[in-house]
Amino acid sequence: MQIPGYLAAQDALKAQGIDEIVVYCVNDGAVMTAWRKDQGCGDEAIGGSLLKFYGDPTGAFTRACGLVLDHPGPTYKGLIMRTRRHAAYVVDGVVRAVEISEKPDDPAGDDFPESSCVESMFKHIAPGVALDVKLPEADC
Amino acid sequence: MSAMAAAQLKAGDTVPAGVTLDLGFPPSKIDLAEHVKGKKVILMGLPGAFTPT
């Protein structure tokens with residue numbers, strides 16, 4: 001649910017100097033590339049939009065970020081040791097802000113994803129600047 | 001910092017080094033810490049590709 005909003009806002013994000021939006025999941029590279037195409041974010045491994053889709057198949061990157069999703073709710077749905085829903089603003093390799101979308105009764109951020117969606121992150125990137133973009137209804 | 005028991009990512013941290021992400025298939029192994037040097041990026045992790053949310 002994050003993706004359509006970031007895609008719609010990519011020009012506004014570019015204008016604030018954002019070079020890339022790194023999307024990653026505990027999936028393989030083929031699945032991530034197919035999902036990227038499905039989401040209208042480009043159909044090549046590189047190119048097509050500001051959003052690039054990466055796999056973290058072993059979960060090593062997710063573990064290194066301390067963001068493993070191991071709650072029994074998502075696990076029951078088949079999401080085993082995945083990534084907690086989050087977005088971070090990173091400048092020259094240093095994290096400036098992190099938003100993790102989760103609540104005790106919403107561990108995967110399915111119901112309340114707003115904190116990691118583009119409107120929320122834009123406030124970290126450009127405080128006081130209005131995000132003048134019509135976001136899709138599918139956005140959170 | 002151990003990759004197995006890292007603290008939750010927070011402001012002020014650096015992007016984890018020495019851990020690659022896969023781009024495409026067969027994948028290019030991307031060292032994200034290297035990849036984001038000198039750039040402004042949004043790093044977004046989600047529970048799963050093609051999940052409805």
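Colleague: What does B:Ile42 touch, leaving out residues up to four places away in sequence?

Modeller: In this predicted model, B:Ile42 touches A:Ile18, A:Ile21, A:Val22, A:Ala87, A:Tyr89 and A:Met121.

Colleague: And which residues touch the most other members of the largest nonpolar core?

Modeller: That core has 46 residues, and B:Ile42 is among those with the most contacts to other members, along with A:Ile21, A:Val22, A:Val23 and A:Tyr54. Strand β1(A) gives the most to this core, five residues.

Colleague: What does β1(A) pair with, and how do the two run?

Modeller: β1(A), residues 20–25, is joined to β2(A) by five bridges, and the two run parallel. A:Ile21 has A:Leu51 of β2(A) opposite.

Colleague: Is β2(A) enclosed or open?

Modeller: Largely enclosed by the rest of the structure, because five of the five residues in 51–55 are buried. On one side these are A:Leu51, A:Phe53 and A:Gly55, and on the other A:Lys52 and A:Tyr54, so both faces are covered.

Colleague: Why two sets like that?

Modeller: In a regular strand, side chains alternate between the two faces of the sheet.

Colleague: Switching to α3(A). Which of its residues are buried?

Modeller: In α3(A), residues 29–38, the buried ones are A:Gly29, A:Met32, A:Thr33, A:Trp35 and A:Arg36. Their arc around the axis is only 160 degrees, so they sit on the same side of α3(A).

Colleague: What covers them?

Modeller: The cover includes β1 and β2 of chain A, together with β1 (20–23) of chain B.

Colleague: And what follows α3(A)?

Modeller: A:Gly40, with a positive phi near 70 degrees.

Note on methods
Residues are numbered from 1 along each chain as its sequence is written. Chains are lettered from A and ligands numbered from 1 in the order in which they are written. This is a predicted model: local features need pLDDT of at least 70, side-chain atom pairs count only at pLDDT 80 or more; totals for chains, interfaces and linings use all residues. A residue is buried if 20 or more other C-beta atoms lie within 10 Å of its own, exposed if 12 or fewer, and partly exposed in between; C-beta atoms are placed from the backbone. Helices (H or I, at least four residues) and strands (E, at least two) are DSSP runs, numbered from the N terminus. Two strands pair if DSSP finds at least two bridges between them. The arc is that of the directions from the helix axis to the C-beta atoms. Two residues are in contact if their C-beta atoms, placed from the backbone, lie within 7 Å. A nonpolar core is a set of buried Ala, Val, Leu, Ile, Met, Phe, Trp, Tyr and Cys residues joined through C-beta atoms within 7 Å.
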